[in-house]
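Please read it beside the sequence and the coordinates.

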Amino acid sequence: MGWFTRDLTCQGCGQQRPKGAVLVSLPQKGTGICADCGGRWAADGRLCAVCGARVHGTQEVAYFPERRGFGHYDCAMDAPGALKVTLP
Ligand SMILES: [Zn+2]
Ligand SMILES: [Zn+2]
């Protein structure tokens with residue numbers, strides 16, 4: 001029991017999630033962002049974790065592990081470690 005190699009730990013909420021519930025996988029082995037966290041971000045108005053402005057649908061999205069949030073990929077230069085992500 002407890003052999004959950006296919007689960008990922010969500011960096012947003014810290015929960016273990018089966019791969020099917022993960023929105024994006026992150027380069028750190030076994031981590032990702034779950035669909036709940038992505039949905040919450042969308043419901044909150046897609047505000048950038050760096051500059052606070054809204055991320056429009058046509059703009060590239062990044063995940064900022066240090067800030068535990070999504071934002072503009074254009075803001076990544078102010079946030080080392082940002083990861084470009086593609087949201088469905
Ligand atoms: Zn999550
Ligand atoms: Zn921004």
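## Basis

This is a predicted model, in which local features need pLDDT of at least 70 and side-chain atom pairs count only at pLDDT 80 or more, while totals for chains, interfaces and linings use all residues. Residues are numbered from 1 along each chain as its sequence is written, and chains are lettered from A and ligands numbered from 1 in the order in which they are written.

## Nonpolar core

The largest nonpolar core contains 20 residues. Such a core is a set of buried Ala, Val, Leu, Ile, Met, Phe, Trp, Tyr and Cys residues joined through C-beta atoms within 7 Å. Val 22, Ile 33, Cys 34, Ala 62, Tyr 63, Phe 64 and Phe 70 have the most contacts inside it. At least two core residues come from each of β1 (7–10), β3 (22–25), β4 (31–34), α1 (35–43) and β5 (61–64); β5 gives the most, with four. Helices (H or I, at least four residues) and strands (E, at least two) are DSSP runs, numbered from the N terminus.

Leaving aside residues up to four places away in sequence, Val 22 touches Leu 8, Arg 17, Gly 32, Ile 33, Cys 34 and Ala 35. Contact here means C-beta atoms, placed from the backbone, within 7 Å.

## Positive phi in two loops

Arg 46, in the loop between α1 and β5, is a non-glycine residue with a positive phi, near 55°. Arg 68, in the loop between β5 and β6 (69–72), also has a positive phi, near 50°.

Arg 46 is partly exposed because 19 other C-beta atoms lie within 10 Å. For Arg 68, also partly exposed, the count is 14. A residue is buried with 20 or more other C-beta atoms within 10 Å of its own, exposed with 12 or fewer, and partly exposed in between; C-beta atoms are placed from the backbone.

Methods: Two residues are in contact if their C-beta atoms, placed from the backbone, lie within 7 Å.
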